[in-house]
Amino acid sequence: MTQIGYADIAAKYRKQIQDGTLQPGDTMPSMRQVSEELGVAQTTVNRAFRLLKSEGLTLPKAGVGTVVAGPISNNIANRVALHAATGKALDGGESSRILEVGTVSADELVAPRLDVAPGTPVHVRRRVVSRGGVPVHMSSSYYPAYVMAVTPELAEPVSTGASRELAAERLGVEQDRVLEEITSRHATEEEKNVLGLTTSEKVPVTQVIRTVYLADERIVEVAVKVTSGPTVLRYISPLR
């Protein structure tokens, strides 16, 4: 009989969180309950629960126990690592829906980050990413002409799932680093509609502007990601 380890237990509950079986705010079963159900030591369950907490999927709540964390939006480093490991840039339970593709004039936010003059035509792809059917973030990705020249499929209104990886591969240069700038502001009406923020009041959102550089210093993407207040931005970076 195969021995159940802490990684197996963590994988079981990670999947339930990612596919929406366990919703944000739901109380996790106690370690004693899991121990009895699976026939493992509580120390093994404790290690599994600590792993879920370190991944930002759960958090302790006084007087309740362990609960599922709010909606989570991975940062680019997590998604690059996920794609390298699985060939997919989305977690289980996540889906991406294209809202718009087309050419726009680079505004004062995008132009300096793409290193082009304001008004320069650039390509944009807007999409909403949901987890378990619940909108997590709205993202607008902007691409320079040399990226579009090698990845013309980005002009199509379908989700590629790994746009940067595809562009980097076609350009023959690896992704090197990302600059992420985080601020808060009020949601636009479009953002409120897309993210399901049904209120006439001003709603605070978190805005993340990411600029992704290739190893040759060219920029492969500038993206503006917007999440609602309850969404947790998850950043896990190795320190060694």
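Strand S9, residues 219–228, is mostly covered, with 10 of its 10 residues buried. The model is predicted. Strand S9 pairs with two strands, taken in turn below.

Strand S6 spans residues 134–143 and runs antiparallel to S9. Six bridges join the two. Among the paired positions, Ser139 has Lys225 in S9 as its bridge partner.

Strand S8 covers residues 204–214 and is also antiparallel to S9. Here nine bridges connect the strands. Thr211 stands opposite Val222 of S9. S8 and S9 form a hairpin with four residues between the strands. In that hairpin, Glu217 adopts a positive phi near 80°.

Salt bridges were then examined. The search of the whole structure returned 13 of them. One of these joins the side chains of Glu221 and Arg164, at 3.2 Å from N to O. Glu221 counts as buried because its relative accessibility is 1%, below the 20% cut-off. Arg164 is likewise buried, with a relative accessible area of 7%.

Glu221 also takes part in a salt bridge with Arg210. The closest N and O atoms of this pair lie 3.2 Å apart. Through shared partners, salt bridges join Arg164, Arg210 and Glu221 into one network.

Asp176 pairs with Arg177, and the closest N and O atoms are 3.1 Å apart. Asp176 is partly exposed, at 46% relative accessibility. Arg177 is partly exposed as well, with a relative accessible area of 36%. Both values fall between the 20% and 50% limits, which means that neither residue counts as buried.

Terms used
Residues are numbered from 1 along each chain as its sequence is written. This is a predicted model: local features need pLDDT of at least 70, side-chain atom pairs count only at pLDDT 80 or more; totals for chains, interfaces and linings use all residues. Side-chain values use heavy atoms; hydrogens and water are left out. Buried means under 20% relative accessible area, exposed over 50%, partly exposed in between (1.4 Å probe, protein chains only). Two strands pair if DSSP finds at least two bridges between them. A salt bridge is a side-chain nitrogen of Lys or Arg within 4 Å of a carboxyl oxygen of Asp or Glu.
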